[in-house]
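Some notes on the model follow, for checking against the coordinates. Please read each point with the structure open.

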Amino acid sequence: MKRIVLIIVFVLFSFFSCNKSSKEVNETITTGQLNVWVDETLLPIMEEQKAVFESQYKYAKVNLISKSETEISKAIVEGKADYFVLARKLNANETSYFKSKTILGKVTPIAKDGIALIANSDDDIKQISLIELESYFKGNTSVKKLVFDNANSSTLGFLMEKFKSNSLPKNNVSAFTTNTEVIKFVSENKNAIGFVGVNWLTNVDLETESRLKNIKVIPLVNDKKELVKPSQSSLALNDYPLTRTIFVLNYQGKSGLGMGFASFVAGNIGQRIILKSGLLPEHIPTRELKIRKKI
């Protein structure tokens, strides 16, 4: 009797082991799992990329890890992250970490993004020059309250680097947790300027969309003395002064799903998703027209 029980247990164990191994998926450019650390200011567009990619490749799983730029940088040097979507390339400290591991990265530009300045629709502000904006970062914040998504965000870092500012003014500057909180605050308060990525004004949920009715985008005066707002055309012509490039940075040091996902985002379908989002794709998708003699 004991022998029969042992045989039954062995057969069941073998069955489940074989069944499990048959379901295991080896990693290729279209199968496996991939952890992607995403700058939280770029999250909406990458959520769309993930959804379409996974719908096309059923054995591919992309896990988006949304963090601030500072948090991602910390994860890099601690060896926790090796695949990212950022609005910049890696800095010297981050690059040296991967060089110490003899890992060469693959950097793929995928889009151009603009940092939009937003105000309450009832605010009397009509435009801002770069000189005025720079003065805000040098301490002249007596007129408007500056509102950012996060004290460690790439948006704030980009502006501080552009205006060569080492520290923020102590007065009239607020940092929340997310871009949606910036939009909410500006929609409810006058005398404030919010800073958000363009994709947070185009790819939004219903609650945020309702708040956008109380918000306006402030035109900037560029070097040509023109009033411009962030749009695909102004980004393409380099007319909008607060433009930045978005990159997929693969530092896995191997071939696999990471290569497949980067190729997808930079390819025809991924670039069409970016075009639809309101950002400027790195490569404008082609469109073929068929002319018929008869309808």
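1. Strand β10, residues 220-221, pairs with β11 in the antiparallel sense, over two bridges. Within this pairing, Leu-220 has Val-228 of β11 as its bridge partner. The model is a predicted one.

2. The two strands belong to an open sheet of three strands, ordered β5-β10-β11, and the pairing in this sheet is mixed. The edge positions are taken by β5 (128-129) and β11 (227-228); each has a single partner strand, so one side of each has no neighbour in the sheet.

3. Asp-123 is found in the loop that runs between β4 (106-120) and β5. Is Asp-123 buried or exposed? Its relative accessibility is 5%, and Asp-123 counts as buried because the cut-off is under 20%.

4. What does Asp-123 touch, leaving aside residues up to four places away in sequence? The contacts are Lys-144, Lys-190, Asn-191, Ala-192 and Lys-216. One of these, Lys-216, lies 93 residues from Asp-123 along the chain, and the C-alpha atoms of the two are separated by 8.9 Å.

5. Helix α2 covers residues 43-56, 14 residues in total. From the first C-alpha to the last it reaches 20 Å, close to the 20 Å expected at 1.5 Å a residue.

6. Which residues of α2 are buried? They are Leu-43, Pro-44, Ile-45 and Met-46, then Gln-49 and Lys-50, and finally Phe-53 and Glu-54.

How values were computed:
Residues are numbered from 1 along each chain as its sequence is written. This is a predicted model: local features need pLDDT of at least 70, side-chain atom pairs count only at pLDDT 80 or more; totals for chains, interfaces and linings use all residues. Side-chain values use heavy atoms; hydrogens and water are left out. Helices (H or I, at least four residues) and strands (E, at least two) are DSSP runs, numbered from the N terminus. The expected span of a helix is 1.5 Å times one less than its number of residues. Buried means under 20% relative accessible area, exposed over 50%, partly exposed in between (1.4 Å probe, protein chains only). Two strands pair if DSSP finds at least two bridges between them. Contact means heavy atoms within 4.5 Å.
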